[in-house]
Every structure is written in structure tokens, then in C-alpha cells.
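Colleague: I've got the model open and would like to learn how to read it feature by feature. Could you walk me through it?

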Amino acid sequence: MAGKLIIFSAPSGSGKSTIINYLLTCNLNLAFSISATSRPPRGTEKNGVEYFFLTPEEFKRRIAANEFLEYEEVYTDRFYGTLKSQVEKQLEAGQNVVFDVDVVGGCNIKKFYGDRALSVFIQPPSIDELRARLNGRGTDTPDVIEDRIAKAQFELGYADKFDVVIVNDELEKAKAEALKVVSDFIKK
């Protein structure tokens with residue numbers, strides 16, 4: 001039986017990665033979508049495992065050929081995107097494919113797959129709480145944190161375009177809610 005698609009989007013610091021990593025341990029036959037990028041491999045990264053590594057020219061050729069569900073040019077000639085062919089391969093193998101994408105990419109994937117996809121937006125309880133979480137990480141400069149807050153305010157405007165919004169005001173509750181929503185969707 002072909003798999004289904006579960007799309008997660010959220011502002012940075014909302015707990016999305018923590019929730020996705022939890023779901024991956026819950027026997028739901030979930031597999032991450034393997035994205036493509038035009039950046040070179042880092043460390044021990046292998047082509048077709050962490051990413052599909054393409055040259056900027058190859059990436060642009062595939063964009064022109066409409067081979068991506070979604071893509072973004074993050075910096076000049078630094079692309080990230082999701083290849084339709086890879087997602088189809090994973091679905092045909094019976095995997096339930098999980099996407100961790102920005103809000104625009106999430107909306108594009110949902111539009112392409114319709115009812116075969118569940119889109120989930122993980123929302124922080126407030127911008128102030130998000131700022132506190134980002135500060136608490138201790139990994140970003142104040143300028144980077146303010147950039148992330150500005151982007152979060154933009155992303156929050158997309159929440160109503162998702163099938164489900166989970167407010168992560170308490171992590172265990174948000175994880176349980178995500179598990180129920182994803183389990184119910186997969187069983188349909």
C-alpha cells in the first residue's frame with residue numbers, strides 16, 4: 001500500500017524537530033523526505049542519504065524541468081528542494097514520508113498532494129516565549145534571534161493554511177497531540 005505524506009512547518013524554536021524526532025520513534029512507518037541541495041557535502045554526509053547533492057547548474061535545470069515539489073534559493077546558487085521522483089519512490093515503497101519544510105514549501109506540497117498529505121503547523125505559545133526559547137538555546141547572536149523572530153511573525157501568518165495547528169505550550173502535550181493526529185491520518 002502506498003504511503004502518505006506528513007508535512008511539518010513551524011517558526012524556528014517552536015519544537016518542531018523535537019516533535020518530529022519523537023514521532024519517528026513511534027512505529028508509524030515514518031521516513032524523512034530526502035531533500036536535494038546545491039551545497040557540497042559536509043563531514044561524512046553521503047549522496048542519497050542525508051541529501052542529494054547537485055551542482056547549482058543541475059539544480060536550475062531540474063527547476064526548469066518542474067522536477068521539484070518545492071525549492072528555495074537560500075543564498076545565491078545555494079538551493080534546497082524536494083524532488084518529486086524521490087517522494088514518489090518513498091511512497092511506492094509504502095513509507096509515510098515526513099517533511100520538515102518552511103511554510104511556503106509546506107503549502108506547495110499540500111497543494112500538490114491534496115488529501116494524501118496532512119499539513120501540521122507547530123506554533124509557539126507566543127512571540128515572547130519564542131524569543132525566550134531562542135535566547136535559552138545560547139546558539140545565536142541577538143541579531144540572528146531578531147531575524148528569526150521577524151521570520152516567525154511572517155510564518156505565523158500561514159498557520160491557518162495548514163490542516164492542523166498544534167500550540168506547543170507544553171512539550172509532552174504537544175507530542176501526544178501530534179501522535180494522535182498523525183496516527184489517525186495514517187490509519188484513514
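This is a predicted model: local features need pLDDT of at least 70, side-chain atom pairs count only at pLDDT 80 or more; totals for chains, interfaces and linings use all residues.

Colleague: Which residue has a positive phi although it is not a glycine?

Modeller: Asparagine 66 is one case, with a phi of about 60°. You'll find asparagine 66 in the loop between helix H2 (56-64) and S5. Its relative accessibility is 52%, so asparagine 66 counts as exposed. Aspartate 77 also has a positive phi of about 60° without being a glycine. That residue belongs to the loop between S5 and S6, and at a relative accessible area of 29% aspartate 77 is partly exposed.

Colleague: How many residues sit between the strands in the hairpin of S5 and S6?

Modeller: Two, and aspartate 77 with its positive phi is part of that hairpin. As for reading strands, the general idea is that side chains in a regular strand alternate between the two faces of the sheet. Here, strand S5 (residues 68-75) pairs with S6 in the antiparallel sense over six bridges. Glutamate 73 is found opposite phenylalanine 79 in S6.

Colleague: Which strand do two bridges join to S6 (residues 78-83)?

Modeller: That's S3 (residues 35-37), again running antiparallel. Alanine 36 has glycine 81 of S6 as its bridge partner.

Colleague: Now the rings. What should I look at in an aromatic pair?

Modeller: Two things describe a pair of aromatic rings: the distance of the centres and the angle of the planes. The structure holds eight such pairs. Take phenylalanine 59 and phenylalanine 68: their centres are 4.4 Å apart and their planes lie at 15°, so this pair is stacked. Phenylalanine 59 has 0% relative accessibility and counts as buried, and phenylalanine 68, at 6%, counts as buried too.

Colleague: And what is the geometry of phenylalanine 121 with phenylalanine 162?

Modeller: That pair is tilted, with 5.5 Å centre to centre and 55° between the planes. Phenylalanine 121 is in strand S8 (residues 117-123), while phenylalanine 162 is in the loop between helix H6 (142-156) and strand S9 (164-167), so the pair ties together parts 41 residues apart in sequence. Both phenylalanine 121 and phenylalanine 162 are buried. Ring pairs also link Phe59, Phe68, Tyr71 and Phe79 into a cluster.

Colleague: Where does the charged end of lysine 4 sit?

Modeller: Over the ring of phenylalanine 185, 4.9 Å from its centre. Lysine 161 does the like with tyrosine 158, its charged end being 5.6 Å from the ring centre.

Colleague: On to the core. Where do nonpolar side chains tend to go?

Modeller: In soluble globular proteins they tend to be buried together. In this model the largest nonpolar core has 20 residues, and Phe8, Leu23 and Val182 have the most contacts inside it. Strand S1 (5-9), helix H1 (16-23), S8, S9 and helix H7 (171-187) each supply at least two residues of this core. H7 gives the largest share, five residues. Beyond its neighbours within four places in sequence, phenylalanine 8 is in contact with residues including Ile19, Leu23, Val98, Val120 and Val182. A second, separate core has 11 residues, among them Leu91, Val97, Val101 and Tyr113.

Colleague: Which residues of helix H4 (residues 103-113) are buried?

Modeller: Val103, Gly105, Gly106, Cys107, Ile109, Lys110 and Tyr113. The buried residues of H4 pack against S1, S5, helix H3 (84-92), strand S7 (96-100), S8 and H6.

Definitions and conventions
Residues are numbered from 1 along each chain as its sequence is written. Side-chain values use heavy atoms; hydrogens and water are left out. Two strands pair if DSSP finds at least two bridges between them. Helices (H or I, at least four residues) and strands (E, at least two) are DSSP runs, numbered from the N terminus. Rings of Phe, Tyr and Trp (its six-membered ring) pair if their centres lie within 6.5 Å; planes under 30 degrees apart count as stacked, over 60 as edge-to-face and the rest as tilted. Buried means under 20% relative accessible area, exposed over 50%, partly exposed in between (1.4 Å probe, protein chains only). A charge sits over a ring if NZ of Lys or CZ of Arg is within 6 Å of the ring centre and within 35 degrees of the ring normal. A nonpolar core is a set of buried Ala, Val, Leu, Ile, Met, Phe, Trp, Tyr and Cys residues joined through side-chain atoms within 4.5 Å. Contact means heavy atoms within 4.5 Å.
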